[in-house]
Amino acid sequence: MKRDQDKRATRFDMLQAQAHFSSSVTAAETQPHNFTDQPGHTQSSIKYQKGPAAQQDRSRKILRGSPKTLELPTIVDTGGLAQTPLIRTCSPWETYKPIFTCDLAGTVSICEHRRRGSKVVAIRSSSRTDGEESLHKYTRFDHFNIISASECFKDNGVNHFIVDDLPISLEHLVASDAYPSEVQLASIVKQVMDGLSYLIECGYEHSSLKCSTTLMSLDGVVKIELTVPYTPEQSQSLSLKGLGSLTMELMQKYVKENVGIDDPARWPIDSNAVDFLSSTTSARSVMELTQHPLVAATCSTGSLVGLARLAIVSACTFYSYKE
């Protein structure tokens with residue numbers, strides 16, 4: 001009996017101890033900690049302050065110098081207007097430094113930004129009269145396969161346009177040793193026809209379509225250059241003739257008076273490519289040719305990347321370096 005009573009007393013004492021411990025922990029949690037009251041702890045004299053807002057925000061761009069005048073071009077009712085180029089009335093050479101000039105469907109200057117050397121742009125320049133016509137075209141036409149301009153600098157009677165940087169013309173492909181496959185030919189021709197169809201919808205016709213006036217990017221995007229003349233006519237004979245000559249030059253690297261191919265081993269007479277070339281002489285419109293089996297299927301620009309790389313390392317381009 002005595003042993004059992006001792007056990008009950010012990011159990012009672014443990015319960016009291018547990019209750020006392022729980023109340024002590026709760027009280028400690030509700031009181032703030034003051035580490036400086038602990039023995040051996042030295043209070044730090046370092047104080048932290050937030051810096052001024054002007055010092056924290058370093059991403060803001062500070063503009064210095066005299067203000068530049070910006071203009072908006074006069075836009076006529078043309079239907080389907082392109083994105084308006086930003087127009088500045090100052091010299092582009094204040095912002096960009098010319099590296100070299102070359103012939104890519106006309107003279108183009110490759111320039112680097114004076115403060116950000118990694119930014120490289122292509123600039124085309126023209127007289128005020130021709131420049132206003134080009135500005136009208138850049139403002140009017142908006143299509144993936146037509147070259148565009150993002151800015152226009154008006155300076156001393158000359159208009160300078162920052163345009164799409166396309167380092168290759170189809171003439172470079174012709175000058176290389178490689179011949180396009182039927183898939184690659186289809187990709188090029190389809191993109192050219194998409195640009196032509198858009199121009200015709202706008203009431204224009206490309207009157208100087210050929211390999212030397214058609215540009216391409218390193219990722220295979222083909223674009224029609226706008227600095228060549230256009231004729232707002234109903235007939236599409238000039239576009240069809242130019243398309244036939246362009247296709248023939250891509251297929252055999254030269255153009256002859258009568259449309260045709262002299263190498264049936266490379267291009268079989270019953271191939272879609274040869275049939276398409278023949279159709280350019282009988283078709284009444286570019287839209288009619290878009291239904292041809294050669295270009296009716298989806299064509300990928302990626303198939304042209306290899307040709308583009310070969311063209312840019314093998315082509316001989318006339319250029320002028322400026323130090």
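Biologist: Let's start with H3: which strands and which helix do the buried residues of H3 pack against?
Modeller: Keep in mind that this is a predicted model. The strands that the buried residues of H3 pack against are S2 (86-88), S5 (120-127), S6 (149-155) and S7 (158-163), and the helix is H5 (182-201).

Biologist: And which residues of H3 are buried?
Modeller: Gly-131, Ser-134, Leu-135, Lys-137, Tyr-138, Thr-139 and Arg-140 are the buried ones in H3.

Biologist: How far does H3 reach from its first C-alpha to its last?
Modeller: H3 covers residues 128-140, 13 residues in all, and reaches 18 Å, close to the 18 Å expected at 1.5 Å a residue.

Biologist: Thanks. Zooming out, how many helices and strands are there in the chain?
Modeller: The chain has ten helices and eleven strands. Of its 323 residues, 38% are buried.

Biologist: What share of the contacts with a separation of 6 or more comes from residues 24 or more positions apart?
Modeller: Those residues account for 67% of such contacts in the chain.

Biologist: And what about the accessible surface of the chain, how much of it belongs to carbon and sulfur atoms?
Modeller: Carbon and sulfur atoms hold 51% of an accessible surface that comes to about 19,900 Å².

Biologist: On to the strands. How do S3 and S4 run, and how many bridges join them?
Modeller: S3 and S4 run antiparallel, with seven bridges joining them. Within that pairing, Phe-100 is opposite Ile-110 of S4.

Biologist: What sits between the two strands in that hairpin?
Modeller: Three residues lie between S3 and S4, and Ala-105 in this hairpin takes a positive phi near 55°. The loop holding Ala-105 runs between S3 (96-103) and S4 (107-113).

Biologist: Why point out that phi?
Modeller: Because most residues other than glycine have a negative phi. Ala-105 is not a glycine, yet its phi is positive, at about 55°.

Biologist: Is Ala-105 buried or exposed?
Modeller: Buried: its relative accessible area is 12%, and the cut-off for buried is under 20%.

Biologist: Which other residue has a positive phi, near 70°?
Modeller: That would be Lys-253, again a residue other than glycine. Lys-253 lies in the loop between H6 (237-252) and H7 (272-279).

Biologist: Back to S4: how many of its residues are buried?
Modeller: Five of the seven residues in S4 are buried, so the strand is mostly covered.

Biologist: What about S4 with S5, how many bridges are there?
Modeller: Four bridges join S4 to S5, and these strands run antiparallel. Glu-112 has Val-120 in S5 as its bridge partner. S4 and S5 form a hairpin too, with six residues between them.

Biologist: Last topic, H10. Where is Leu-307, and is it buried or exposed?
Modeller: Leu-307 is in H10, which covers residues 305-314. Leu-307 counts as buried because its relative accessibility is 9%.

Biologist: Which residues is Leu-307 in contact with, leaving aside neighbours within four places in sequence?
Modeller: Leu-173, Ala-178, Pro-180 and Gln-184. Separately, the C-alpha atoms of Leu-307 and Asp-219 are 9.8 Å apart, although 88 residues separate the two along the chain.

Definitions and conventions: Residues numbered from 1 in each chain as written. Predicted model: local features only at pLDDT ≥ 70, side-chain atom pairs only at ≥ 80, totals over all residues. Heavy atoms only, no water. Buried < 20%, exposed > 50% of the residue type's maximum accessible area, 1.4 Å probe, protein only. Contact = heavy atoms within 4.5 Å. Areas by Shrake-Rupley, 256 points an atom, 1.4 Å probe, with all protein chains shown as cover. Expected span 1.5 Å × (residues − 1). Pairing = 2+ DSSP bridges.
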